[in-house]
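Here is a short report on one protein model. Take a look at the structure, then read on.

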Amino acid sequence: MRDSISDYDKYGGHYGGHRQGDPTIMKEMESVLGDARTILNVGAGAGSYEPLNRYVVAVEPSATMRRQRPSSLPPALVGTADQLPFDDESFDAAMAVLTIHHWPDLSKGLREVRRVTRGPVIIMTFDPNGTTEFWLKDYLPEMVEVEKARYPEIHLIKQAVGGECSDISIDVPLNCSDKFQVALYGRPEEFLREEVRNSQSAWKFLPDGVEEAFVEALEKDLESGAWDKKYGQFRNRPSIRCQLRLVVSTGVG
Ligand SMILES: C[S@@+](CC[C@H](N)C(=O)[O-])C[C@H]1O[C@@H](n2cnc3c(N)ncnc32)[C@H](O)[C@@H]1O
């Protein structure tokens, strides 16, 4: 399997530097967390979006990702979503941020997260059937296919996690500090940086040569002004509607 923990061990070395939790998105999460005091963060990585004012237990399988947790955050436990070392209903709330598409068994992982959580389970993900104005699709139709195949459909997530579920669409702000692909909609030059691309797992799924061809084409268009002529409006757009979603399960009760 290419999309694995070892990929994070191999390519995730710059993750913490480029994928910091964005305050606007964090606000949305905080409002769902409500008054939850104890939080489980599964697939916690370097700790993005972990609230500082609550008691957080982080679980993360990749050593490279765990090492990037800042000293201001508690260390993460070694573990995966499908086997959590906690009793039933141990936490007030749980979060799984941009991680479920890496899990080998989505249903098992989400059932497990639901089992150990009393209150809301928050899953941040991309809707593979959602629409976007993001220009990357014009350069890289292959990426659209890759992402569509990787992200579980929202109804399957809801079915797997159970409880009363809803989903919230999140607009991504310009200069979003969590540099997932669409977050760079107004900063095309960021795609020319290898370490930024390495902090985004999807590139490893493209056929050989496609990434290099994209970088070359984008660089040329930025130099000639062709990109700005066609997409320059994105540089100042305050936010973009895209496929980013928070799926929230409020508990089985
Ligand atoms: C895109 S990163 C997201 C990290 C963090 N949640 C964030 O938002 O910055 C995906 C994370 O999922 C972790 N992961 C992969 N397989 C997992 C599994 N089976 N259970 C839990 N986490 C997993 C990876 O090691 C990686 O740290």
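## Around Ile123

Beyond its neighbours within four places in sequence, Ile123 is in contact with Ala96, Ile100, Ile157, Val161 and Val247. Contact means that the C-beta atoms of two residues, placed from the backbone, lie within 7 Å.

The model is predicted: local features need pLDDT of at least 70, side-chain atom pairs count only at pLDDT 80 or more, and totals for chains, interfaces and linings use all residues. Residues are numbered from 1 along each chain as its sequence is written.

The largest nonpolar core has 38 residues. Ile39, Ala94, Ile122 and Ile123 touch the most other members. A nonpolar core is a set of buried Ala, Val, Leu, Ile, Met, Phe, Trp, Tyr and Cys residues joined through C-beta atoms within 7 Å. Buried means that 20 or more other C-beta atoms lie within 10 Å of a residue's own, with C-beta atoms placed from the backbone. β3 gives the most to this core, five residues.

A second, separate core holds 19 residues, including Phe126, Met143, Tyr151 and Ala183.

## Overall build

The protein has 11 helices and eight strands. These are DSSP runs, numbered from the N terminus: helices are H or I with at least four residues, strands are E with at least two.

The C-alpha atoms fill a box of roughly 60 × 35 × 30 Å, taken along the principal axes. Of the 253 residues, 38% are buried.

## Ligand shell

Around the ligand sit 21 residues. The closest are Gly43, Gly45, Ser48, Thr99 and His102. A residue counts as near if its C-beta atom, placed from the backbone, lies within 6 Å.

How values were computed. A residue is buried if 20 or more other C-beta atoms lie within 10 Å of its own, exposed if 12 or fewer, and partly exposed in between; C-beta atoms are placed from the backbone.
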